[in-house]
Amino acid sequence: MANESLTFTLGQIAEKIGGVVIGDPEIVIDSPATSKTQNSRGLAFAESDAYLREAEQSLAAAIIVPESVSASSKALIQHPNPRMAFGHVLHLFDRPISLDAGISPLASVSIGATIDTTVSIGPFAVICDGAQLGANVQVFPFAYIGPNCRIGSGSIVFPHAVLLQNVITGANCKIGPGAILGNSGFGYYWNGSEQVPIPQVGGVYLGDKVDIGALTAIDRATADFTIVQDGVKTDNLVQIAHNVNLGSHSVLASQVGIAGSTSIGARFVAGGQSGVSDHLEIAEGVSIGGRAAVLGSISEPGVYSGFPAIPMSKFRRNAAVAQDLHDLLKRVRSLEKKVAELESGQ
Amino acid sequence: MANESLTFTLGQIAEKIGGVVIGDPEIVIDSPATSKTQNSRGLAFAESDAYLREAEQSLAAAIIVPESVSASSKALIQHPNPRMAFGHVLHLFDRPISLDAGISPLASVSIGATIDTTVSIGPFAVICDGAQLGANVQVFPFAYIGPNCRIGSGSIVFPHAVLLQNVITGANCKIGPGAILGNSGFGYYWNGSEQVPIPQVGGVYLGDKVDIGALTAIDRATADFTIVQDGVKTDNLVQIAHNVNLGSHSVLASQVGIAGSTSIGARFVAGGQSGVSDHLEIAEGVSIGGRAAVLGSISEPGVYSGFPAIPMSKFRRNAAVAQDLHDLLKRVRSLEKKVAELESGQ
Amino acid sequence: MANESLTFTLGQIAEKIGGVVIGDPEIVIDSPATSKTQNSRGLAFAESDAYLREAEQSLAAAIIVPESVSASSKALIQHPNPRMAFGHVLHLFDRPISLDAGISPLASVSIGATIDTTVSIGPFAVICDGAQLGANVQVFPFAYIGPNCRIGSGSIVFPHAVLLQNVITGANCKIGPGAILGNSGFGYYWNGSEQVPIPQVGGVYLGDKVDIGALTAIDRATADFTIVQDGVKTDNLVQIAHNVNLGSHSVLASQVGIAGSTSIGARFVAGGQSGVSDHLEIAEGVSIGGRAAVLGSISEPGVYSGFPAIPMSKFRRNAAVAQDLHDLLKRVRSLEKKVAELESGQ
């Protein structure tokens, strides 16, 4: 993405990332780029010959390469670790959206809210009575911070995020655009003629450095807290139901769902569209593949997939058979015929 | 969740729920709590010995127990039905988010809207020309009530909910935060060179006491109405497509999808991440398990699961075999070898 | 949906769509209707005898029928192509939500934004510094147009849609309510003690005539662009991850997910709740069924389904066997017993 006002020369970048330019150091770079880029001022990287060839055929202005590469049709930056160097370049060009300092006159801020003097609040944000915002918190437009919500220092609430009620975050969290935290948990009982809501009076607790994706829902607990521990990262459109306890440093890809009261150990990794049923216990160090459906508790670390989820190695072996299941049926039919002939032949 | 200003003594609670205190009635309770709570002013409940032991090991201040339990390391409330008593306690502590009475001066309300004098409208809500809001309706900040929308008395539109166009709700509905009702149904036809939109001119009709979860989408019909009947409850991130007719008192867990023009009978229950294809007829009294995919109409009440969905008992039996499918292949191979030997031995 | 102010007589409609009235041309029609309608001023259509009987039993005021039908209990419009005629009627009654011309005084528009004089901006919209809005663009309430976003002429940004950063759209796009474009792609690496965010500095690029459904997320690329090509249509609650390249005129039903860096050819069609894994290449002309999970690249056009996805014909044959998998196990057990007997009989 070209950031019109933000450019570096290749020489400047090489200096910042600790690399060596081969070619013209005055080439202007306006963005990091992929090895297929159509940006003629982009800087790509290539760890392998295949990616190098791809990048050479792209429009990239220059390529970060291992020290073993010294000649190319493009300008180069040699670096011992091109991937790490490219990460450094991404940081150079990173310009997160920002807010003006202070509280916008177009925000609606309750006088009953407790707001650190270093907080930034954008236009059309609503901060309700009883909310507490720590040092350097940023609240973007259209965010709603409801009663009894406490936001830890350094946290960012992106546009359209909602902390509805009783939501407590640690420090340095990011609540993605359109995420809804603290909605009532989904609890009803059937009284014989209708579904009656069970009051949900608990809250949502996020540890430190939790990143919540766009349009993700984390419901308040029936009692106590729905807990998302330190360092958890979720992608977009994720559901975390009431009274879930999600272990630290877990990573949930898009469209994952964790059903109510399930407790999950640290470093859980969930592929896209996977899900975990309610009231389960999942051990530390469990990963589940994309679309996996966990229907029972898991006590052993490892990788699982399938519906219902089983160990990944077994899932893969079974899936190979499942793809030719009709063939297996035919083989059984053939056997049945042969055995009938053998039996009649006796 | 501690509500700082809201506490009762154990004795006060026992009186309200009709129980008997064993221990100090002056203990201060600030919240209902789970049997694993870390809240030292929480009140848990225990129906079984296992939960009682768990609650005794928690930080709970007291526990609601059956009348058969009379001694514990914790203070107790004896009650004939601890679960029902706990539900009562949840109600005692329930403090739904609320709005100031009247119409916020920060709301944008069309003079062409018809608004009952008892309606509350928060800051930054938009009420368009032709909208009608019944008695005691509450419209929270960032809600959008579009043209030809009618909201029945006692209904609540939570922050960021959108009733885009032609949405009619019954009485006492709750439209969850970030829900989008009345977006155009997804209808296109291929004209040989591009997908051409088919105008969607119908509406969305909700019966009475319908609760819609956060970030749930219910599209307007091509013609007539997408219908969600009385008492339906949906969780978060649910999709209900155009011209669906969803039977009364149905319950849809998170991330469920119902495709277009499908008609579903009363008391449908759908587990998380399940789905129903388009243009199907589903009988009254059908339940589908988490992740089930219904690809054909269902005429018999009962519980179904799988992809495609089949009766649950059959799904379970098949799933047991599916988890060892590779083993089944090996058994067939072994049989093939043995039969070949038998045949050659003849 | 009755639009109180919008009615035509049957005769007026017949004239507009080129049909012939059988019955009273003065009948008042207030809406197109389904063949099951309860709207006594609705106009349905029937292509077949079955739909005609259904429509005759509905409350519809009149029915559009083929020229072969000339008698009915209802008034009729004869037309050579009832479906096409009904599409025409839908257009007659189509009244998309609209905005007042110009920029609402309740909008927050940066003086650093570039806004064509023909743009309409609703109340409580935010247009940030550096945004560019082309001719006739409409921005509805609660939309957020962030820095470096460029919106092509004729495009509509519906209520609550967010273009967070570096989002470029072509002409005549529709960004659905609650859609979030340009959120940071989901990229982290594990440094041995925590997940560290990889800066995402790219953008989102939409071609012309792209329609994005409600509550759909399209993330910005790590570098370069996440690309959604001309004419793509997505339904609600769809996820398109960073660096995806989605081919022109593709159609994605609700709750579909496309994982990062996957490249998909033109005219891709994805059924509801289906998904495609990351870093795959999908050929032009591929369709996948509802709930399909594509775990590997696809080089041949065609229809696929299953988890993992395989050609649809094979999926159907296998699914038939899978539904009786326990029966297959029993047949294998029976064979094992018979073969053992045969072996022992030798």
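Between chain C and chain A there are 24 residue pairs in polar contact, both residues at pLDDT 80 or more. A polar contact here is a pair of N or O atoms within 3.5 Å; within protein, one must be able to donate a hydrogen and the other to accept it, and residues adjacent in sequence count only if both atoms are side-chain atoms.

Who supplies chain C's side of this contact? Strands S20, S21, S22 and S25 and helices H4 and H5 of chain C each supply at least two residues; helices (H or I, at least four residues) and strands (E, at least two) are DSSP runs, numbered from the N terminus. H5(C) gives the most, with eight residues. By class, that side of chain C has 40 nonpolar, 22 polar and ten charged residues. Ala, Val, Leu, Ile, Met, Phe, Trp, Tyr, Cys and Pro count as nonpolar, Asp, Glu, Lys and Arg as charged, and the others, Gly among them, as polar.

A quick word on what you have on screen: this is a predicted model, where local features need pLDDT of at least 70, side-chain atom pairs count only at pLDDT 80 or more, and totals for chains, interfaces and linings use all residues. Residues are numbered from 1 along each chain as its sequence is written, chains are lettered from A and ligands numbered from 1 in the order in which they are written, and side-chain values use heavy atoms, with hydrogens and water left out.

Back to our two chains. The contact (heavy atoms within 4.5 Å) takes 72 residues from chain C and 69 from chain A. Together they bury about 5,300 Å², 65% of it on carbon and sulfur atoms; buried area is the accessible area (1.4 Å probe) that two parts lose on being put together, summed over both. Phe186(C), Asp224(C) and Phe307(C) supply 12% of the area that chain C buries against chain A, more than any other three residues.

Now for charges. Side chains of opposite charge can pair when their charged atoms come close. We call it a salt bridge when a side-chain nitrogen of Lys or Arg is within 4 Å of a carboxyl oxygen of Asp or Glu. How many are there over all chains? The count comes to 27. One of them joins Asp324(B) to Lys314(A), at 3.3 Å from N to O. Asp324(B) lies in the loop between H4 and H5 of chain B and Lys314(A) in helix H4 of chain A, so this pair joins two chains. Asp324(B) is partly exposed at 37% relative accessibility, and Lys314(A) is partly exposed at 27%. For reference, buried means under 20% relative accessible area, exposed over 50%, and partly exposed in between (1.4 Å probe, protein chains only).

Chain B and chain A have four salt bridges between them, and Glu281(A) with Lys36(B) forms a salt bridge at 3.6 Å. Look also for Asp327(A), Arg331(A) and Glu336(B), which are linked in a network of salt bridges.

Last stop, the core. Which residues touch the most other members of the largest nonpolar core? Among its 51 residues, they are Tyr144(A), Tyr144(B) and Tyr144(C). A nonpolar core is a set of buried Ala, Val, Leu, Ile, Met, Phe, Trp, Tyr and Cys residues joined through side-chain atoms within 4.5 Å. Leaving aside neighbours within four places in sequence, Tyr144(A) is in contact with residues including Val126(A), Leu163(A), Ile97(B) and Phe140(B).
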